[in-house]
Amino acid sequence: MTDKLHIRAAGAATFGLAVLCAHGEPIESWNVFPNAIHLAAQDEAVPLVAMLTRADGTTVDMTAKAQFTFSSEGIVRLDNSRHVVPIAPGTTTLTVTYEGHSAQVAIVIAPAVQPRRTTFRNDVEPILMKAGCNSGACHGSAQGKDGFKLSLFGYDPHADYLHLTRESGARRIDVSDREGSLMLQKATTRVPHEGGKRLDPDGPLYAALARWIDAGAPDDPPDLPTVSVLEILPPECVLLPPERTQQLLVIATYSDGTTRDVTDLALLSSSDEVTAGVSAHALVTANQPGEAFIMARFATFAVVSQVIALPPSTGFTWPADITACNYIDEFVHAKLARLRITPSPVCSDATFLRFVYLDVLGVLPTPQEFARFMADERPDKRARLVDELLQRPQFCELWAMKWAELLRIESSKLTPKGAVLYSAWLRDAICGDMPIDKLVRALLCAEGGTYHNPPANFYLVETSPTEMAENVAQVFTGIRIQCAQCHNHPFERWTQDDYYSFAAFFAQVGRKTAEDPRESVIYNSGSGDVKHLRTGQPARPKFLAGAAPEISAGADRRQLLAEWLTSPDNPWFAASIVNRVWAHFLGRGIIDPPDDVRVSNPPSNPQLLHALAAKFVQSGYNLRALARDICNSRTYQLSSEANASNASDERNFSHARIRRLPAEALLEAIGQVTEAPEKLNGLPLGARATQATDAKAGSYFLETFGRPARQTACTCERRDEPTLSQALHLINGATITEKIRAANGRLERLTKANIPPEKIIEELYVAALARVPSAEELSLAREYVGSAPDVRSGLEDVFWAVLNSPEFIFNH
Amino acid sequence: MDSAGKLFGSLCLLGVICPAPRAGAGSPSLEVVLPRGAQRGTAATVDFSGAHLDKALSIVFYRPGVTLNHIEQVSDKHVRCTLAIAADCALGLHPLRLFTASGLTELRLFAVGDAPEITEQEPNDARSAPQLVRLPVTINGQAAGDDLDCFGFEAQPGARLAAEIEGMRLGGGIFDPVLTLYDAQGKVLATADDNALTKQDPVLSYSFASGGTYIVEVRDAAYRGERHAYYRLHLGDFPRPMAVFPPGGAPGQAVEVRWVGDSTLARETIAVPNDAGADYAIFVRTGAGTSLSPVPFRVNGLPQTIEAEPNDSPESATPCTVPGALNGIVTKPGDVDWFRFSAAKGQVFDCRVYARQLGSPLDAVVGVNKLGGATVASNDDSAGPDSAFRLTIPDDGDYALYIHDFLRAGGECYTYRVEVTNVTPALTLSTPPDQQHVCIPQGNRNAIVINAARSDFGGPLQIELSGLPAGLTASGDTMRDNVAAVPIVLTAEATAPLAASLVDVIGQCSGESKIVGHLRQSIRLTEYMNNTLCAQTVDRLPVAVTERVPFEVQIIEPRVPLARRGQMSLKVVATRGEGFKEPIQVGVLLNPPGIGSGTATIGPDQTEALLPLNANPDAALGEWPIVAIASANINGLVQVSSQLARLTIAEPFMDLALERTRVSQGSTAEVVVNIAPQHDFEGEAVLELRGLPNKLSATPAKATKETKQVVLPVAAAPDAPLGRHEGVFVQVTVMQNGEPIVFNSASALLIVDRPPAETASAQPAPVGKAERRARTPRARDIH
C-alpha cells in the first residue's frame, strides 16, 4: 500500500549488510542509482549517484569516492561528471565499488543509436513546464496571458501544439526564422516579456526548442512513447552533520522501456525549505534538523524523496524504559529513533482519564467516575477503562456525528425528516458495529426511497455526477480530485481523463419524487453519461489509478465502484479511514489534513499508516477495535509536556497535542459540570449536541465554537481556532453564567446540601478538570469565598473562573 | 395599468384563469376544530376557532352521521357547538365547513372514532413519567416542534396492541408522527412511521409475551411538528389489516376476500354494495373492534381474473379476458406477474393500475408484450406512482401483460388491480383551487368558474347546478368545445333566506352518446413546496346565500368588438349603498382565450373603473361571456360579481407592415406603412407611431378603407439615442358606435444614426482591445 501511496523508487543496486567500512563504522547498505539504464539515443547521458547507508541509518553521498568498472568495453563510457554515455549498441554491467563493497548497474544500449529526435510532448512540453510558461499565473491561466494560452501544466498537448504553431494572431513559432520566433524572443526577453527571462539562450532548454523549430516544429507521431514511471532517487536520505548534501536524480521510464535522465527537466521543490532546500539540478542541502520531502514533477507525474536532517549531536540513545505497548508504538518509536527524538513520558492517570473520556465519548468523567478510576489499583485499569468506554452509546454517537459531517447530513437538501432518518441509520449502523466497508457499500449502492431506506439520502446531497465523484474520492479515499475537473492535478497524478472517468460511475443514478413529495426515490437508471470537458465525449467508467471495468449495459455502475473502493486491495480506503480516526485521537493525521492525500503531502509515518490500515482490514473494518488499539498505545497516552528533543516536533507524535474541545463537547461539558444541560432546538429534551441530526439544530453556542455547517465534505469545515466571540461568549455570555446559577444546577444542589465550601470547591475542580485542586489553589479559592459578600456568590465566582480556565476549555 | 396590473395582464394572456380577488364574503376563516374528533354514539362539545366567525349559523357536513345540535357564539373568533355523532356514523374523517351570515369557511376535518376519548396531559415528555391510560382509548394530543408524548398502559400476557395515529391526515400542517412502543425498561419493541395505506400516519400491532407496563411514544419524525401538530392516537385491540385481496369486485356480489398484514384476521365474504362510489373502502369488524381506517376497494363490473402463481414468465402467464380486472400480489422481491389474453388488430384498451391508490406499497411498472415478442406499450408512474397507458393492438394474436415493482421489491401487501377497459369517454368538473365555494349576498350576484376535464370526447357542455339554496338562480353559457372553463353567475333574490348547501355540479354533452360528469376535486389541506401532503376529495360545491352587502357592480357592455392585437377599456360601474366608501377592487373572473385583462380600483368617492383588456393576435373570435368580480373590505373581504356580459372578439380592419427606417440625429425620416385592408369600415382610421424611443416624435396619419400605404414622418432630436430600436409599432384607432376600436401592427426596427456630416469628419473612435490586438505587430515586425 505504501508503495502506491507515494510512488517510491524501486531500483537501487544494493550490496552488503552490516559490514564494517574502512572508517570502522558499520555499513548497513551500499547503493547505486539508477540500477538499470536503457538508452536508445547516442546523445543521452545518465548520471549516477552512489550512496552509503550506515548501520545507524544515516547516509552519505559517496559518488565522488566510488570506483566504476564496466564488464565490457565499447558499449558506454563514463564522462568526467560520472554520466554514463552510450557508444554503441549492446549490453554491459557497471560495477561500482567502495572500500570493498560493490553494486551493479545493468545497462542496455538499443540498436538504433542516433541523435534523439526532439518531440513536442516529450521535450517541448516539459521545457514549457520547467520554464513556468504554462503555470497558472502565466499562459496556463484560463484566459492565457496577452493573447497566448497554454493548457495548465500541459494537460492538453494537442491544444498547446495548435496554439503554438497554428493559431492565427497568437502563433509563436516561425519555422522559416527560428530566432524570429516570438516564443524564443519573449522567453529570453529579447522583446519585452511580462513574465521576465525564462530561458538562457546558451542553455540546453533553449537549444532543444531551437532544434525542434529547426526541424519544422513537427507534431508527434501517434506512437510516441509516453512516460510510464517516474522515479526520484535515492528515495530517502538521512543526513548527519557534517554531511549536508545529497545529489538526487529524476529518471523517467517510457512506455517503450527506455529510461531517460530528466533531472534538469523536472520541476523540483521542497516541502520544507527551512529544513532542506533543493537546487534546480537536484542537489539537496540540509539546513537545520527536521524532515523534508523533495518533489519532482514531470509529465503527469509527481514523486517525492524523503530527506531527514539530523541534529549534530552525537550520543543519542533510545531510553531503555520506553517500550512499545503495541504495534503502533513500534512504528512511532522507530521513526522517532531515526529522528533522534525522545518521546514525552506517559501522562498521569487523571490526565489520561479526562482526555480519554473527551476523545472516546465527547464528555467529561463525573466526580464519581474520577474517584473510582483513581482508586483502582489494577495495573491494566487504563485498558479496562478504554474497553468500558468503547461500549458506551456516546462513542458511536460521536462517530455517527463525525460521519454525518463528512456525508453532509443537513436538512436543507435532505428535508428535516430525511436528515433525522439518515442520522439515525448511521448511528444504528455504527452502534451495531457494522463494518465500515459494509457501511460504505450500503451508501454507495443505496436504492429506494430516502425515507424508507435512509442511506439513499447519500445521493441527495449532490446530484451532479462530478460532484458526487469529488465527494466520494475525498471522503472515502482522502483524495481531492477537484482540480482535475478543469486541468490535470498540479501536484498529483490525476488527469482530466481520470476525473471524468471516475465521475462516470455516478452518471446513471436516477432520482424521482416519491408519493410523499418530500421523499425522493434513488435508483439505477441504467442510462446516461458524463461528458469529458475537453473532448466532449462520454467518459467510460474507470477506477482511480485502476482499470476500466467491463460493465454490461444497464448494470449498476455503483456496485462495481463500491466493490473496488472497499476491496482490501484498495490502496486508499482503509488507510484513509484509519487516518481520520487517528487524527481524531491524536489531533493530527499521519497524513494531514486527513482528506488531502497526495504525493506532495506524504504520510509522516507510512509504515504506521500501513500497519493501522492492515490491522483495520484484518479486524473486519471494526471501528471499536481500531479505537481500542490507538487508545491502548503508549503514543496516545503521552503527556503534552515536551522535552528538548521533541519540543519542535509536530508531525511524529512524540508528545500529546493540546486541542480546544470541539463545540459539541464543550457545550456538553459545561452542561455536565453545571448540571444544567442545554435544551437544544430541534431535538427532544435530554438530547446532546452530538446527537443533532442537522447542522442547524442546537444553539448559537455550537456555531460560535466552530461546528461545521455541513456544506462541504472537507474536514476543514470544522473550526477549532479561538475567536474573540468565543472568548466573549464564555466570559460574558449567557451560557456559563446562567448555568452556574441554574435552579437545578450543581452549585444549587451542593449549597443546599450544606456541604462546606472547600468540599464544594474540590468537587467543582474534579467535575470540570478531572483533578483535585492543589493546596495553593484550594487555599486561594477558600480565601476568596471567605472575602465575598456571601458564600454563594463567592462560590459562583470560583466556578466561573474554573470554567473560563484554559485547562477546562482544552483537551490536554 | 400599473406594474402589478401589467403582470396580471400578461399572466392572463397565457390563457390561465385569472385569479379573482380572494373569494369569500366576509371571509370567515376557520383555523381549527377542537377536539379534533369524538367517539361515535356520543354528543361532543366542539370549539371552532378562527377569524370573522361572528353570526355563525350552521355547519355544512359533507358526509352523513354527524349533526349539529346546538351552536353558541362565544366571540367573533370562537364558536362552540354541540355535535351529535350517530352510533352508526362512519369512522374516520368528516369534512365540514362552518357557515356564518357572511360566508363559508375553509374545509376542515373532524374525526370520528370508536373508543372512549381523552385529552393528552402534559408533562408527559419522559418515558419514565408517562401519562397513564386504560385501553381501548383515543387520545387527543398535540406534539408540536420537538415535543415527545408518552403514554403508559398495563397489558396482560398474550394481549395484543393495535395502535394507529391520525396526524398528517387531520390536515393541520406538516406533522408527520412516529409511533414507538417501549417496554418498562426502555427497550424498543416496535416502531412505526410511514406506510402505503395510511401514508404518513403510523400504525402498528404487537402481541405482548409478558404482562406489565408498556409505553407508547408519539413525536414528529423530524422533531418539527408544524402549526398545531394535533393528533389522535387510538390504542386498543381493533383489527388493523394493511391490505385486502382481491382489491376489488363487482357491485351487488358477494366476494371472498383475504385480509393481509394482520394476524388476527383471515378471510371473510363481503357483500359489495350496488352504489359504491370511486372512493369505496371497507372497514373490518371483529369482536375486538372496528378497523379505524378502511382499506380501499375498487367496485366495477369488469370480469375478474385472479393471478394463479406461478405466473413469473410469459409461458406461465395467467389467462385472462379483456376488458377485465386483473388482480394479484407481487409477493416477493424480484417477482414479476404475467397475464395473457387474445386480442384483435385495432382494438384499443386503457390499462390502469390501481395499487398505490388503493394503499398498496407497490410502485407498479406495467407493460404489454406480443406473446413471445416485443413490447407493444408500457408505462411507469403516469398516474402518480401508479401506471396507466393506452394500448392499441397491432395484430391479431396473443398478448402478455407484465407487472412488477419499480425497485423490484415485493411482499404480501403488494396487491394490485390492473383494469383493462375499452376507451370510454369521461367528464370531470372542478372549480379553481381558490374558488372552493361561492357565497351570494342577498339581492346581489356572485360568480364562479367551472372547469371541465374531457377525456375521449369533444363538444360543448351544458353546466347545471342542482340543489341550490332557495332564492338563487344560476346563469351561464354553454361551455364551448374549444375551452375548458366557463363562468357561472349566481343571483340571489333580495328575500332569499340565509342558507348553505352542497350543490351537485353537472356537466352534459348532448352529443350522440350523452355524456354526463360531476364535480370531483381534491382540496389541498397541507402542502409542502406547492405539493400536496394532505387533501380531501369532494364531489359537491358549497353554495350559500349571505347577508346583503352595500355595493353591486355592473359591466357596461361594449358596443364595439375587441380586435385581435387590440386593446379596450371595459367599464365597470358600482352602485354604492348609502355611506359606503370602501375602495372596491375589480377584475375579470375568467378571460376568454387569448385575452388578457388588468385589475382596477374604484376609489372611495368613485363609482366606476376601467379594466384594461388586450387581445392576442390569435385570440378566439366570436362572442364570449365576461364577468367582473368586485371585492371590498367589510370586516373581511366580501366579493360580488357583475352580470354575465358579452364581449366580441373580431379581426382587425387591416394588416399593417412597417418598413425598416433609419433616421439621423437632428433630422427627420419617414416610416412607410403598407396596408392590406381586411374588412371595410366607415370613416377614417388614425394611425400613430408608438413605442418610439425618447427624443423621437412622429406625426399621426389617416387612412380610409381604400388606403394601401401611409407615411408617418418621424423627427429625431440631435441627442436622440443612437442605435437599433426594435419595439416601434403603429396603433390604429377606428371610431364605431361612438366607441374606439384600437389595434396595433407588429413591431418593426427603427435605427438612429449619427448625423452624416459627423460620420465623414469622424474622430478616430476609441479602439477596443480586440482591435488593438489585431494591430499588434507580428513577430517579424518587431525587429
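Q: How many disulfides over all chains?
A: The count is two over all chains. Keep in mind that this is a predicted model.

Q: Which cysteine is joined to Cys396(A)?
A: Cys431(A) is the partner, with 2.2 Å from S to S. The link is right-handed, with 100 degrees about the S-S bond.

Q: Where do Cys396(A) and Cys431(A) sit in the chain?
A: In distant parts of it, 35 residues apart. Cys396(A) is in helix α10 (residues 393–407) of chain A, and Cys431(A) is in helix α12 (residues 416–431) of chain A.

Q: Staying with helices, at roughly what angle do α2(A) and α5(A) cross?
A: Roughly 140 degrees, and their axes come within 10 Å. α2 covers residues 120–130 and α5 covers residues 204–214 of chain A. That angle makes α2(A) oblique to α5(A).

Q: Left-handed or right-handed crossing for α2(A) and α5(A)?
A: Left-handed.

Q: Which residues make the contact?
A: From α2(A), Phe120(A), Val124(A), Ile127(A) and Lys130(A). From α5(A), Leu205(A), Ala208(A), Leu209(A) and Trp212(A).

Q: Over to chain B. What's the strand order in the open sheet of four strands?
A: β1-β3-β6-β5 in chain B, with antiparallel pairing. The twist averages 25 degrees from one strand to the next.

Q: Which strands stand at the edges?
A: β1 (29–34) and β5 (66–75) of chain B. Each has a single partner strand, so one side of each is left without a neighbour in the sheet.

Q: How many bridges between β1(B) and β3(B)?
A: Five, in the antiparallel sense; β3 spans residues 43–51 of chain B. Leu34(B) stands opposite Asp47(B) of β3(B).

Q: Now the backbone. Which peptide bond ending at Pro136(B) is cis?
A: The one from Leu135(B) to Pro136(B), with omega near -5 degrees. Pro136(B) is in the loop between β11 (131–132) and β12 (137–142) of chain B. Val322(B) and Pro323(B) are also joined by a cis peptide bond, with omega about -5 degrees.

Q: Where does Pro323(B) lie?
A: In the loop between β30 (318–319) and β31 (324–329) of chain B.

Q: And what is phi of Thr189(A) near?
A: Near 60 degrees, a positive value in a residue other than glycine. Thr189(A) is in the loop between α4 (182–187) and α5 of chain A.

Q: Why flag that kind of thing?
A: Because most residues other than glycine have a negative phi, and most peptide bonds are trans.

Methods
Residues numbered from 1 in each chain as written. Chains lettered and ligands numbered in written order. Predicted model: local features only at pLDDT ≥ 70, side-chain atom pairs only at ≥ 80, totals over all residues. Heavy atoms only, no water. Pairing = 2+ DSSP bridges. Helix = DSSP H or I, 4+ residues; strand = E, 2+ residues; numbered from the N terminus. Axes fitted to C-alpha atoms, helices over the stretch in contact; angles between N-to-C directions. Parallel < 35°, antiparallel > 145°, perpendicular 65-115°, else oblique. Left-handed = near helix turned anticlockwise from the far one by under 90°. Contact = heavy atoms within 4.5 Å. Disulfide = S-S within 2.5 Å.
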